[in-house]
Amino acid sequence: MNQSRSETQLGLIEAAAEEERYTQFMLQTEQDGEWRGEVKLSEDGLDGDAEANAGGSLTFRPAARVLNRRNICYLLAASLLIFIIGYMVGYVTHRKPKVSPCRENEPSVPSVLREEPAPSLSWVDITNLLENKLNSETFTKTLSEFDKVTPRSAGSYEDSKLGSAIFDQFRQLDMEPWRNSHYVRLQTPDNKKPNTVTFGSHIFQPQGYLAFSGTGIKTGKLVYANYGLPEDFAVLASNNVEVKGSVVMMRCGKISFAQKVANAEGLGAVAVLIHPDNKDMTADNEVYGHVHFGSGDPYTPGFPSFNQTMFPPTNSSGLPKIPAQTITYNNADNILQAIGGPSGFGRSLGGIKNITVEVNNVLGFKEIQNVFGVIKGFIDPDQYVVLGAQRDALGKGYARSTVGTSTLIELAKAIRDMVKKDGFRPRRSIVFASWSAGEYGSVGATEWLDAHMSSLGKNAFTYISLDGIVQGVGSFYASASPLLHTLLENTLRVVKSPIGSGSLKEMIRTDLFRPMSIDDPAYPFLAASGIPSISFHFISPNKEEYPYYNTLLDNEDHLNYATSQNTASVTASAAQIAGQMALRLVHDHVIQFDMTRYKKVLNINVYRINDKISTLQKSGTLTDVRTVWLLHTKASFQRAADAFKNDVAKTDLSDPEACRLLNDRIMRIERSLLSPYVSPIETPFRHLLSGQGPHTLAAIAEMTDLEQLHTQLALATWNLQGCANSIVENLWDVEFE
């Protein structure tokens, strides 16, 4: 019996040890950082206590335990529960995701899904809503509010205060506002050493000035060059009036201040004076402006002015080295009556008497802030139109900045209201931008472009400038990328004229489009960044520009006079134009760019080059250059444009992914016209057709250096072929004939 009891005890001990072997665990950390469980066993399968109780090493295994029915039921129930839990986990983790509602004005689905939202408003509904929300009564109030903060020079307390007010407006509209700060160098007069013009016994100390002028004292023979156009300097040459070493006086108009100075400096002038024309302005009005032949901070060309300490000192190639100064019409008239010399332009051309120009402008750092808000799209929120307006002004700046800023805010209110209350669901986003330092050559806007150079070309597909949109009434003109010409024309057909019963298209009696000039606020977007851009302006009949621009007389009274007391109504019409274009671009399945409008522009430029080279070949001057490849690439672009049009016609536009592919192709066109062969520091405006520099088709058509002509023709040909290739859908469809 004792032996039987001993065997029973040994069996119980063995069973307990067996159970313990499978129930002791230890957590250990592996090298990959994960926690793992490990069974902890002794070397012999038992710990020391079990061995002692067993009386030494055990050499036998106990018989398997018999499970009763209750244990079997428990085991089956546990297995079933584990199976159900595993099934539910698998279902949850592998089922197709269901999209949950998003906040107002954000994409309803992730951009990778791009599911079509429920049908919303028709285009007629959208335009009617916009028209009802933008009226003259609204603008009368808004214009008055933004006219209170004056003056507001770039980087000043007043400029910052207005920027904060706009930021608050965007925040109240739930537009997720943000700011970008830039530290830029701006030039202003020295209060202790005024700029001076000395002619004989006359000494003038004008209050106006030209930022980014060369500084110092220069003396030379005074000559008069009318507007400073190349043909005006040709008149001086034909009258044997020497420009080299002289001081050139010119009047405002036709071209920018910067272009006037560049033309004179290129011919050897030592200084420049610019005066207003008395036909347009009061005799003692001071003129302000800048002479940087470019845009942005001229001391950080091609890169953003966030922190100058990380960049080596660099000057823009567009900075003049000679002094330039403005003077009033009265002072200019007194001087011109005494300069003598041959006659031209209704004046004496001079070249006889000396004049001295002293410019003492000083450079200083200013912190400027751009302010942004966004209304997000519901399908492709990463693609966006930018609406922008200059905020700063040297004086009142009523036409230059007050009207544009008021329009920016009212458009933001109207479109946000359409999304929040009326069910409007834009496919793409709209960014609203308030720029600082526009008076100095679109400094704030250009620094933003420099800071986001790599991403903007892929995401920002249009820029609409609101600067100077109202300068009069009775006529209208625009400057734009050819891709936007058709869109503007269609918009003008439906927007009502502010002074009659017909449409704006019926009001316009002159050429609608003008070439975009270098001082146009939209120019750096188009020519430097390859973003299709547009600026437009209401103007008085028979006027090329608003006469009080760049003066302290740019105020409410003068603009009301120019608009026949209809400033608010004209501003409402201008807002309708900008708003309808923006909404069309973010509403339609396929972005409303008309590629065929580039055909005419290309034909004109290519045929000019062809005629130039044909003439040189016939004269025997040029023998080893042919234009056949340029003509091939032009035809290749046209075929690609036609193929794209056919692809649109064959595409199911209810498929968001298919539309995205089409839009990606059409967005590449403008960007691919930027020349990859020039430096953005030396040649910031790299656009093949709209840019500035020897790489452009226009410059090649005028080139006299035959070696340079050969090189630039080859590079331009391949640049244009690259543009045609970018439109093609598939790599294997690219032409390389």
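Biologist: Which residue does Asp159 form a salt bridge with?

Modeller: In this predicted model, Asp159 pairs with Arg391, and their closest N and O atoms are 2.9 Å apart.

Biologist: Where do Asp159 and Arg391 sit in the chain?

Modeller: They link distant parts of it, 232 residues apart. Asp159 is in helix α6 (residues 157–172), while Arg391 is in the loop between β16 (380–390) and α10 (398–421).

Biologist: Are Asp159 and Arg391 buried or exposed?

Modeller: Both of them are buried.

Biologist: OK, and how many salt bridges does a search of the whole structure find?

Modeller: That search turns up 21.

Biologist: Let's switch to helix α10. What about Lys413 and Glu410, how many residues apart are they?

Modeller: They're 3 residues apart in α10, about one turn of the helix.

Biologist: Why does Glu410 count as buried?

Modeller: Because its relative accessibility is 5%, and buried means under 20%. Lys413 is partly exposed, with a relative accessible area of 29%.

Biologist: And Asp417, which residue does it form a salt bridge with?

Modeller: Lys421, with the closest N and O atoms 3.4 Å apart. Both lie in helix α10, 4 residues apart, so about one turn of the helix again.

Biologist: What's the relative accessible area of Lys421?

Modeller: Lys421 has 62%, so it's exposed. Asp417 has 23%, which means partly exposed.

Biologist: Which residues are linked in a network of salt bridges?

Modeller: Asp417 and Lys421 are linked in one with Lys133 and Asp422.

Technical notes:
Residues are numbered from 1 along each chain as its sequence is written. This is a predicted model: local features need pLDDT of at least 70, side-chain atom pairs count only at pLDDT 80 or more; totals for chains, interfaces and linings use all residues. Side-chain values use heavy atoms; hydrogens and water are left out. A salt bridge is a side-chain nitrogen of Lys or Arg within 4 Å of a carboxyl oxygen of Asp or Glu. Helices (H or I, at least four residues) and strands (E, at least two) are DSSP runs, numbered from the N terminus. Buried means under 20% relative accessible area, exposed over 50%, partly exposed in between (1.4 Å probe, protein chains only).
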